Amino acid sequence: AHLYPPNLQNSCLRQAKCRAKGGAAGFKVAILGAAGGIGQPLAMLMKINPLVSVLHLYDVVNTPGVTADISHMDTGAVVRGFLGQPQLENALTGMDLVIIPAGVPRKPGMTRDDLFNINAGIVRTLCEGIAKCCPNATVNLISNPVNSTVPIAAEVFKKAGTYDPKKLLGVTMLDVVRANTFVAEVLGLDPRDVDVPVVGGHAGVTILPLLSQVKPPCSFTQEETEYLTNRIQNGGTEVVEAKAGAGSATLSMAYAAVKFADACLRGLRGDAGVVECAFVASQVTELPFFASKVRLGRQGAEEIFQLGPLNEYESGLFCLLHLCFQDWLGESEERVSWKH
Ligand code: NAD
Ligand code: LMR
């Protein structure tokens, strides 16, 4: 089913078995949308990840070239390419983790919500494949608008009878990566030493950085707080405008996606204390889906943490977020039922 001749196929299978025997956890990971702006660097970085034994690259265009290219890297994971809808099921069968960066990106002047009509259909088809071929896989959903594509994926899995809310994770790691970077700049620290929880959703005012909970403990002036909040909320638009029509964040997103996928794989392996922010089905607020810190384990997001104490500024932002989200989710529910 994949793009190699049969003799190479067999040798790849032997390699995969042999490498799995080598003691590594050896997870099977599929990237859907693997030939895109995010997909290509994401595929490259996942090929380097020692927790990955098999890497499936699926797209509707260009996977043969991307697969041939990445497969020459002398790292452990065996890479296979899959092209077009008829090969989707083979791409998904047996996968432990499915990462989805498939879909169209923004151009200047657009909101993430403007992508809904195209991307909702793409996500729906891909999730139908997941429900059929790897219903127990953890799903990392990157395609925008994340605030709506995650509820849509949940509906698809519910309809198929395979929905496990712990295993459906909207990727908001880029907001955390940006927050760590911008806060470190203001504090004069190495970003690797900074940890900023970012909760809520993944669009404009629904992105809520909790600057009062930054580690290491620190304080900001009101001016710094407003600058940082605004920059973190609009980080995506900053990149869209700088790329001037050539797309949205791809390289920093691939980095963030791999950071998050690696955390999911460490959780699946059984590592203790793996905690990251993700957009998940949640009872932390009144909203059905919400990004907050989650503990990642063998079953996916095994524990969802409360937001912790918010200061006055953050409480104000939370009220605004809540209002926007109610509209947003109401709309997505209508759209989900319309699509069905
Ligand atoms: P891109 O256009 O460069 O790549 C998208 C890829 O998806 C293309 O290769 C395309 O062929 C593929 N694709 C389209 N339909 C498909 C289908 N039915 N099945 C499989 N693959 C399909 O776009 P990009 O820059 O890689 O961005 C992809 C998505 O990620 C966009 O929706 C973008 O808004 C989103 N994004 C999310 C975040 C986040 O933080 N969650 C960050 C950046 C971008
Ligand atoms: C981002 O935050 O960079 C992505 O959601 C892409 C976008 O459209 O902003």
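This is a short tour of one structure, stop by stop, with something to select at each.

**Before you start.** The model is predicted, so to speak of local features takes pLDDT of at least 70 and side-chain atom pairs count only at pLDDT 80 or more, while totals for chains, interfaces and linings use all residues. Residues are numbered from 1 along each chain as its sequence is written, and chains are lettered from A and ligands numbered from 1 in the order in which they are written.

**Whole protein.** Show everything as a cartoon: there are 11 helices and 11 strands (DSSP runs, H or I of at least four residues for helices and E of at least two for strands, numbered from the N terminus). Of the 340 residues, 48% count as buried (20 or more other C-beta atoms, placed from the backbone, within 10 Å of the residue's own).

**Strand E5.** Now pick residues 138-141. Thr138 and Asn140 are buried on one side, Val139 and Leu141 on the other. In a regular strand, side chains alternate between the two faces of the sheet.

Strand E4 (residues 97-100) runs parallel to E5, joined by 4 bridges (strands pair if DSSP finds at least two bridges between them), and Ile99 stands opposite Asn140. Strand E6 (residues 168-170) is also parallel to E5, with 3 bridges; there, Gly170 is the bridge partner of Leu141. From E5 the chain crosses through helix H6 (residues 146-160) to E6 in a right-handed β-α-β crossover (with the strands pointing away from the viewer, the path from the first strand over the helix to the second runs clockwise). E4, helix H5 (residues 116-133) and E5 make a right-handed β-α-β unit.

**Ligand 1.** Select its surroundings: 33 residues, of which Gly33, Gly36, Gly37, Ala102 and Asn144 are the closest (C-beta atom, placed from the backbone, within 6 Å of the molecule). H5 supplies the largest share of this shell, 4 residues. By class, the shell has 18 nonpolar, 13 polar and 2 charged residues.

**Ligand 2.** Which helix gives the most to the shell around ligand 2? Helix H9 (residues 235-243) does, with 4 residues. The residues around ligand 2 include Arg106, Arg112, Asn144, His202 and Ser248.

Conventions
A residue is buried if 20 or more other C-beta atoms lie within 10 Å of its own, exposed if 12 or fewer, and partly exposed in between; C-beta atoms are placed from the backbone. Ala, Val, Leu, Ile, Met, Phe, Trp, Tyr, Cys and Pro count as nonpolar, Asp, Glu, Lys and Arg as charged, and the others, Gly among them, as polar.
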